[in-house]
Amino acid sequence: MGAPYYGAYTATAFLAGAASITALDDGNSNYAAYVTFDSAGAPLRALLYNSDYYSGSGTRSAQSFELRGLTGGSVRAKRLVGDSAVARVDQGGKVTFGGQTFTNGDCIISGGETFETLTVSGGQATASLKASEALLVYLK
Amino acid sequence: MAPILAHVVAALVGVTSTASAVTFTIPSQAHTGSYKYAPVDPAPVGISFEFFAFPSYFTNVTATTQCLSNWKDLTGVWPPIRIGGTTQDRAQYDAKTSAYVVYSVSNPADAPASLTFGSSFMTLAGKYGGSVVVGLNRGKNNIQNTIDAAKATVNGMSNLLAIELGNEPECRPRAPLLKYRRLWDIELTGKIDYPSNGQPIAGGSWSPAIDAASQNNWAISVGSAVNKRDIIQAGNSNDSPPKWGAAELIATQNATVKQYIHNYAHHNYPGGSITSLMSHSGISRNLHVFDADVAAALKEGKQYIFGETNSGTCSSFDSLS
């Protein structure tokens, strides 16, 4: 399945069941943070995105994202990552969301769903996103 | 010493960290602070299927329903779909055919220059578990045929969200992009849609004002013929606002027209390189182009959607998507 499907799936996973959304960044950099809220107005999920382009060769830069205003001791997250910004699964490239792929030809989800855990301390957590990577953080 | 060593080590493993973190504070409650909030639809992401290829996608391509079902598993709702595009303005309704679509092409990867479709097209669309927008023909200027198709659409589909009357009335191929073709691209035979020597409806002069008058007349004619209010997905332009878009269209609409309008749609293909297309600042800049159109539609109490959006089209690049 094409890489755009992975992006659209991640966006849908971020928006699912949400009642409202806001952008936490001002849109002027390559680093995005969006948050959705449930029908009671409680934070539901955050989507972090490092839109720096990575060609697949040379060093792959990384950006630290610090989230504040969190509750609890930890939050889970799923990562959208590919070999590069131009990775094409139908041409043998690798793209995964939460460690899973959509099988070429039938679009069935395969692989074990993998969550990362971010430690929350004093309401803060830090995640490192490589260039051309996104992280979906589950806030409840 | 230690920080320098850490930096050297980081360089050796091929990762460099940007000096400082970007920091974001999550509001504890929606609609607080200085952020702008927007409501989220239960199924906010959908898929558009090129008109002539729709039946094949749903009867011959196994992945189609599974790909849509994967999103349904996330949201609990089947994603909305839209059936339309360049070939909607090349299609003629034929109530007598039992086929979904009838056309001939010399190369299987080509889009047809003309085609007919039968009522089974709408029956198939009516089986889909989510909502459907169906795009019908305005380019050929055969309003009676479009009315016949609209009646079959309304009668055959309980999941119908809206009907489009015409696709990208202003779209024309840009010469440098004609090197590439995809399955549903405009045939490279010199034909262009709507303007100039393209579609019959644009045979004379054509402009946003002339198109708006045409859209409005057709909305009233088709809406009243099928006896439905809130039935038309209006706009469907590709060129950017303010020249083409919801605001300029709404400015021409009276109350009679507006009662037939369900929502406004625009197509958004920013074009460019992958670097620029994926850039968050580029995306933000691109989306703000539509601020006034979104506001104009919301002021009418109507939704505003991207009826099509991707990287590049109106003859796009194979290397983009």
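**Figure 1. Strand pairing between chain A and chain B.** In this predicted model, β4(A) pairs with strand β1 of chain B, residues 22–25, in the parallel sense. The pairing runs over 4 bridges. One of the residues involved is A:Phe65, whose bridge partner in β1(B) is B:Val22. Strands of a sheet pair through backbone hydrogen bonds, either parallel or antiparallel.

**Figure 2. The contact between chain A and chain B.** Chain A brings 59 residues to the contact, and chain B brings 41 residues. The area buried between the two chains is about 4,200 Å², and carbon and sulfur atoms give 64% of that area. On the side of chain A, the residues that lose the most area to chain B are A:Thr12, A:Leu24 and A:Arg68. Together these three residues make up 13% of what that side buries.

**Figure 3. Polar pairs and elements at the interface.** Across the interface of chain A and chain B, 20 residue pairs are in polar contact, with both residues at pLDDT 80 or more. Five elements are listed as giving two or more residues to the side of chain A that touches chain B: the helix α1 (3–15) and the strands β1 (20–23), β2 (31–37), β3 (43–50) and β4 (62–68), each of chain A. By class, that side of chain A holds 36 nonpolar residues, 16 polar residues and 7 charged residues.

**Figure 4. Chain A as a whole.** Chain A has 1 helix and 11 strands. Along the principal axes, the C-alpha atoms of chain A fill a box of roughly 45 × 35 × 25 Å. The radius of gyration of chain A is 15 Å, which agrees with a compact globule, because a globule of 140 residues would have a value near 14 Å.

**Figure 5. An open sheet in chain B.** This sheet of chain B has 3 strands in the order β5-β7-β6, with mixed pairing. Its edge strands are β5 (91–93) and β6 (101–102) of chain B, each of which pairs on one side only. Strand β7 of chain B covers residues 115–117 and pairs with β6(B) in the antiparallel sense, over 2 bridges. Within this pairing, B:Val102 stands opposite B:Thr116 in β7(B).

How values were computed. Residues are numbered from 1 along each chain as its sequence is written. Chains are lettered from A and ligands numbered from 1 in the order in which they are written. This is a predicted model: local features need pLDDT of at least 70, side-chain atom pairs count only at pLDDT 80 or more; totals for chains, interfaces and linings use all residues. Side-chain values use heavy atoms; hydrogens and water are left out. Contact means heavy atoms within 4.5 Å. Buried area is the accessible area (1.4 Å probe) that two parts lose on being put together, summed over both. A polar contact is a pair of N or O atoms within 3.5 Å; within protein, one must be able to donate a hydrogen and the other to accept it, and residues adjacent in sequence count only if both atoms are side-chain atoms. Ala, Val, Leu, Ile, Met, Phe, Trp, Tyr, Cys and Pro count as nonpolar, Asp, Glu, Lys and Arg as charged, and the others, Gly among them, as polar. Two strands pair if DSSP finds at least two bridges between them. The radius of gyration is taken over C-alpha atoms; the globule rule is 2.2 Å times the number of residues to the power 0.38.
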